[in-house]
Amino acid sequence: MSAEKITRMANDIAKFMESKPHDEGVALFAAHINDFWDPRMRRQLFEIVDAGGAALRPLVLDAAASIRRPVAA
């Protein structure tokens, strides 16, 4: 999947979670990614985060520490 699509998907989920109080939104975002994104998608998300995550919404970056980082491919 392209980096643009991963970014768009993460940002769309984050935008919805921003309707919650911040800490709850962060927890719900991380839970959603952990529950529904396969390791390949999470690996791609972390590649974007590790590169600075400039195009990601702040909630995505805040939640990164709570997302299970897949082992290297």
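# Helix packing and burial, term by term

User: Which helix does Gln44 lie in?

Analyst: Gln44 lies in helix α3; helices are DSSP runs of H or I with at least four residues, numbered from the N terminus. The model is predicted, so local features need pLDDT of at least 70 and side-chain atom pairs pLDDT 80 or more, while totals for chains, interfaces and linings use all residues. Residues are numbered from 1 along each chain, and side-chain values use heavy atoms, without hydrogens or water.

User: Why does Gln44 count as buried?

Analyst: Buried means under 20% relative accessible area, exposed over 50%, partly exposed in between (1.4 Å probe, protein chains only). Gln44 has 16% relative accessibility, so it counts as buried.

User: What does Gln44 touch, not counting residues up to four places away in sequence?

Analyst: Gln44 touches Met1 and Ile6 (heavy atoms within 4.5 Å).

User: What makes Val49 count as buried?

Analyst: Val49, also a residue of helix α3, has 18% relative accessibility and therefore counts as buried. Beyond four places in sequence, Val49 contacts Leu56, Leu61 and Ala64.

User: How do you know that the span of α1 agrees with its 15 residues?

Analyst: The expected span is 1.5 Å times one less than the number of residues. For α1 this gives 21 Å, and the end C-alpha atoms are 21 Å apart, so the two agree.

User: Why are the buried residues of α1 said to line one face of the helix?

Analyst: The buried residues of α1 are Ile6, Thr7, Ala10, Asn11, Ile13, Ala14 and Met17. Seen down the axis, they fall within an arc of 165° (directions from the axis to the C-beta atoms), so they line one face. On the other side, Glu4, Lys15 and Phe16 are exposed. The cover over the buried residues of α1 includes α2, α3 (39-50) and α4 (58-63).

User: At what angle do α1 and α2 pack?

Analyst: α1 (residues 3-17) and α2 (residues 22-36) pack at about 145°, with axes 9 Å apart. Axes are fitted to C-alpha atoms over the stretch in contact, and angles run from 0 to 180 degrees between N-to-C directions. The contact involves Ala10, Ile13, Ala14 and Met17 of α1, and Gly25, Leu28, Phe29, His32 and Ile33 of α2.

Note on methods
Helix = DSSP H or I, 4+ residues; strand = E, 2+ residues; numbered from the N terminus.
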